[in-house]
Amino acid sequence: MKFAHMNAALYYSYTEKAPKKIMRVIYDITYRCNLRCNFCYYWNQDRERPNIDMMKHRSELSTEEIKNRLIPQLKKAKVTHVTITGGEPFIKKDIIEILEAFSKDFHLTLLSNLSIESNEKLDAILKYVDSVKASIDLEKVFVSTRGVEGSFDKTVNSIKYLVSKGIKSLSLNAVLTPDNCTEISKVVDMAHDMGVKRVTFQFLDWQTPATIKGTPFLQKPEIFGTLVNEVTIDADKALEQINLAQEKAEKYGMEFATFPVLLPLTKEIIEQWYTNADYQYTTKCLVPWFQLRINPYGGVMPCMEYDVGNIRDLDLLDIWNGPKYKGFRKVIRKGLLPRCNKCCKLDKSYSNLIKIKS
Ligand SMILES: C[S@@+](CC[C@H](N)C(=O)[O-])C[C@H]1O[C@@H](n2cnc3c(N)ncnc32)[C@H](O)[C@@H]1O
Ligand code: SF4
Ligand code: SF4
């Protein structure tokens, strides 16, 4: 994050007010997806969790609404960085035109499974996107957990195509799960073989019915999450694999990182993250002071799935400065909520900064 933005967020984080500019917007452009990852909190409706089905009956922002309503609102709020994610962005109609429109005014990051067979779409990445994060896994795990035959090969072919065209800002992300934790370091070898220079391992976001119930903002049916009662993981093996991945990356001259928990890791941290829903890796968060999320239907969320207004009805800056958003910041200022414990945005540096300042 830019220094000035961080300072402004830090300054305001002692109040429920926010800086005048919104630095980053995460746009979940659709919740539809061509894959069916067994750990994903978006597409899967089969688990015991609130009803995401109602979302389907609302209409996603159209291309016209994105160009004539969303983008002007973002510009007015002086947003500098936009991340387009989902669901799978390449499922969205007119995605090429949409990427082009965003690229004119923002630093654009794209999250995708790249399981696509269209050079036209891949060329649009090369032309319009500043930073691409592609999801990947070990081949046998990809095949068994994504639920769509042939999808691994499509992803690999897309990555190879982008590399062959000289893409500079491509990183691969694998979610560390019980299914891949005993061999996940091989993802670094795969990345190296394909000529990719950066790999991240993301810790699983998982929730229990109790963490959802204990998070006041999530009492509505709109919320959704990977709801389970427990997760088991071989923490010894996972740690061994993460250390090995780090060694391999150094040998290959690649960047490697884990998130939201940072290296160096211990067996205890891994065990706590995966088996203890109440474990708090860190206790402060600045995200609601510099970023917001927009769902496919124009609904605005601070970060977690709490609808604070819709850009179809309201001005984005009015939502950013409105009572619901302020109420959320007021609570987060006092401490994180149970749903925060496994959030991908947890960043220990915020706690350190906030401690220094107080
Ligand atoms: C939700 S996906 C959306 C973009 C695109 N469909 C993709 O898979 O890259 C964004 C990232 O979140 C990761 N992800 C999905 N479910 C997760 C979970 N329960 N915990 C941690 N990461 C998760 C995905 O692997 C992916 O890297
Ligand atoms: S590809 Fe992305 S959005 Fe689709 S199911 Fe997998 S993680 Fe979820
Ligand atoms: S940790 Fe909590 S407050 Fe911070 S971004 Fe995540 S959900 Fe939001």
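Predicted model: local features only at pLDDT ≥ 70, side-chain atom pairs only at ≥ 80, totals over all residues.
Residues are numbered from 1 along each chain as its sequence is written, and ligands are numbered from 1 in the order in which they are written.

Helix α6 spans residues 139–146, and Val 141, Phe 142 and Arg 146 are buried in it. Helices are DSSP runs of H or I with at least four residues, strands are runs of E with at least two, and both are numbered from the N terminus. A residue is buried if 20 or more other C-beta atoms, placed from the backbone, lie within 10 Å of its own. The buried residues of α6 fall within an arc of 105° seen down the axis, so they line one face of the helix; the arc is that of the directions from the helix axis to the C-beta atoms. These residues pack against α7 (151–164). Just after α6, Gly 147 has a positive phi of about 75°.

Val 187 is in contact (C-beta atoms, placed from the backbone, within 7 Å) with Ile 136, Leu 138, Leu 172, Ala 174 and Val 199, leaving aside neighbours within four places in sequence.

Ligand 1 is surrounded by 20 residues, each with its C-beta atom, placed from the backbone, within 6 Å of the ligand. The closest are Cys 40, Leu 111, Asn 113, Ser 135 and Asp 205. Strands β2 (81–86), β3 (107–112) and β5 (170–176) each give two or more residues to this shell.

The residues around ligand 3 include Cys 285, Cys 303, Cys 340 and Cys 343.

Conventions
Buried ≥ 20, exposed ≤ 12 C-beta atoms within 10 Å, placed from the backbone. Contact = placed C-beta atoms within 7 Å.
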